[in-house]
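Work through the exercises below with the model open. Try each task before you read its solution.

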Amino acid sequence: MTGGASEARESSMSATSAVRLQSPEGLRVLAVDDDQTCLHVVGRMLERCMYQVTKCRNGKEALLLLRDDSSRFDIVLSDLHLSDINGLKLLEIIAFEMDMPVVVMSSDDKRETIMKGVIHGARDYMVKPVRMDAIELLWQHVIRKRRNDQLKEMEQAMEDKLVVVEEEEEGEESRSMKKKMKKRKDKKEDQDDEGGESSDHMNTASPASASAVKKPRMVWTPALHQQFEAAVNQLGYSRAVPKNIVQQMNLPGLTRENVASHLQAQ
């Protein structure tokens with residue numbers, strides 16, 4: 001094996017720590033073909049690559065072996081036209097039950113037949129007579145499959161982590177909003193206390209001047225409250241302060257004090 005091929009192999013293996021396969025030579029292949037001559041020839045080619053080969057004469061025998069212990073094999077190399085089971089059906093069963101890479105081989109080189117094999121889950125389609133260079137690259141389908149599985153696991157872990165972060169951020173926003181509401185309430189109470197202390201001075205003022213200073217009271221009708229809620233929802237808790245709410249509602253005569261008082265009443 002050349003130095004470049006060795007480096008590529010080491011890179012592939014380091015990127016897939018979960019891969020049990022230690023080297024291309026350790027590939028465990030289940031070869032399936034009801035043509036004894038073809039099965040013998042393909043078996044010899046696999047063995048020349050130092051693969052561990054198990055040969056089956058039909059699809060049912062192969063399914064028995066896989067269902068008994070699929071972990072014994074890394075990949076299935078099967079003829080597409082078996083006498084006891086449709087090769088496409090075998091592909092579907094292996095993909096559904098074992099999630100194992102399958103490479104099909106056939107003397108049928110029609111484009112539509114090749115496309116059917118790929119659509120049903122074949123990792124590759126080898127036209128008979130099978131070439132040695134295709135057999136030598138068989139192990140790459142296993143590495144590629146397990147890489148993809150590992151990437152899916154990493155993506156799922158990242159999605160789960162993002163969900164947790166978003167929940168934490170939402171919780172922090174809620175706590176921040178409660179703190180702001182409490183500060184507004186405490187400030188209003190302080191203002192009320194200060195207003196009580198100066199009430200004597202206000203009582204001494206003439207009725208005319210008192211009526212001139214007094215502001216009209218804001219009545220929060222159901223329709224007005226709905227506009228208030230819509231403004232708060234659109235702004236979000238972090239930006240739902242009186243100034244922004246007044247701007248968002250854009251109603252004549254509505255003041256920050258009106259909104260602040262209504263916020264405290266919620």
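Axes are lines fitted to C-alpha atoms, for helices over the stretch in contact, and angles run from 0 to 180 degrees between N-to-C directions. Helices (H or I, at least four residues) and strands (E, at least two) are DSSP runs, numbered from the N terminus. The model is predicted: local features need pLDDT of at least 70, side-chain atom pairs count only at pLDDT 80 or more, and totals for chains, interfaces and linings use all residues. Residues are numbered from 1 along each chain as its sequence is written, and side-chain values use heavy atoms, with hydrogens and water left out.

**Exercise 1. A helix pair**

Task: Describe how helix α3 and helix α4 cross, then list the residues that meet.

Solution. 
- Step 1: Two packed helices are described by the angle between their axes and the distance between the axes.
- Step 2: Take the values. The axes of α3 (residues 59-69) and α4 (residues 87-97) come within 11 Å and cross at roughly 5 degrees.
- Step 3: Classify the angle. Under 35 degrees counts as roughly parallel, over 145 as roughly antiparallel, 65 to 115 as roughly perpendicular and the rest as oblique. The two helices, α3 and α4, are therefore roughly parallel to each other.
- Step 4: List the contacts (heavy atoms within 4.5 Å). On the α3 side are Gly59, Leu63, Leu66 and Arg67; on the α4 side are Leu90, Ile93, Ile94 and Glu97.
- Step 5: Sort by class. Ala, Val, Leu, Ile, Met, Phe, Trp, Tyr, Cys and Pro count as nonpolar, Asp, Glu, Lys and Arg as charged, and the others, Gly among them, as polar. The contact of α3 with α4 has five nonpolar, one polar and two charged residues.

**Exercise 2. Buried residues and their partners**

Task: Decide whether Leu82, Lys145 and Met177 are buried or exposed, and place each in the chain.

Solution. 
- Step 1: Set the cut-offs. Buried means under 20% relative accessible area, exposed over 50%, partly exposed in between (1.4 Å probe, protein chains only).
- Step 2: Take Leu82. Its place is in the loop between β3 (75-79) and α4. Its relative accessible area is 10%, so Leu82 is buried. Beyond its neighbours within four places in sequence, Leu82 is in contact with Val32, Asp33, Asp34, Gly59 and Leu90. Asp34 is 48 residues from Leu82 in sequence, yet 6.1 Å away in space, C-alpha to C-alpha.
- Step 3: Take Lys145. This residue lies in helix α7. At 6% relative accessibility, Lys145 is buried. Neighbours within four places aside, Lys145 is in contact with Asp99, Pro101 and Arg123.
- Step 4: Take Met177. Helix α7 (residues 138-197) holds Met177. Its relative accessibility is 9%, so Met177 counts as buried.
- Step 5: Of its 266 residues, 33% count as buried.

**Exercise 3. Backbone exceptions**

Task: Where does a cis peptide bond occur, and what are the phi values of Asp99 and Asn250?

Solution. 
- Step 1: Most residues other than glycine have a negative phi, and most peptide bonds are trans.
- Step 2: Find the cis bond. Lys128 and Pro129 are joined by one, with omega about 0 degrees. Pro129 is in the loop between β5 (124-127) and α6 (132-136).
- Step 3: Check Asp99. Its phi is near 50 degrees, a positive value. Asp99 is in the loop between α4 and β4 (102-106). With a relative accessible area of 47%, Asp99 is partly exposed.
- Step 4: Check Asn250. Its phi is near 55 degrees, also positive. Asn250 is in the loop between α11 and α12. At 63% relative accessibility, Asn250 counts as exposed.

**Exercise 4. The lining of a pocket**

Task: Which element gives the most to the lining of the largest pocket?

Solution. 
- Step 1: On a 1 Å grid over the protein atoms alone, a pocket is an open set of points where a 1.4 Å probe fits, with protein on both sides within 12 Å along at least five of seven lines; lining residues have an atom within 4 Å of a point.
- Step 2: Count the lining. There are 13 residues, of which Gln191, Arg256, Glu257, Ala260 and Gln264 lie nearest the centre of the largest pocket.
- Step 3: Name the elements. Those that give two or more residues to this lining are α7, α11 (242-249) and α12 (256-265).
- Step 4: Pick the top contributor. α12 gives the most, with six residues.
- Step 5: Sort by class. The lining has three nonpolar, four polar and six charged residues.
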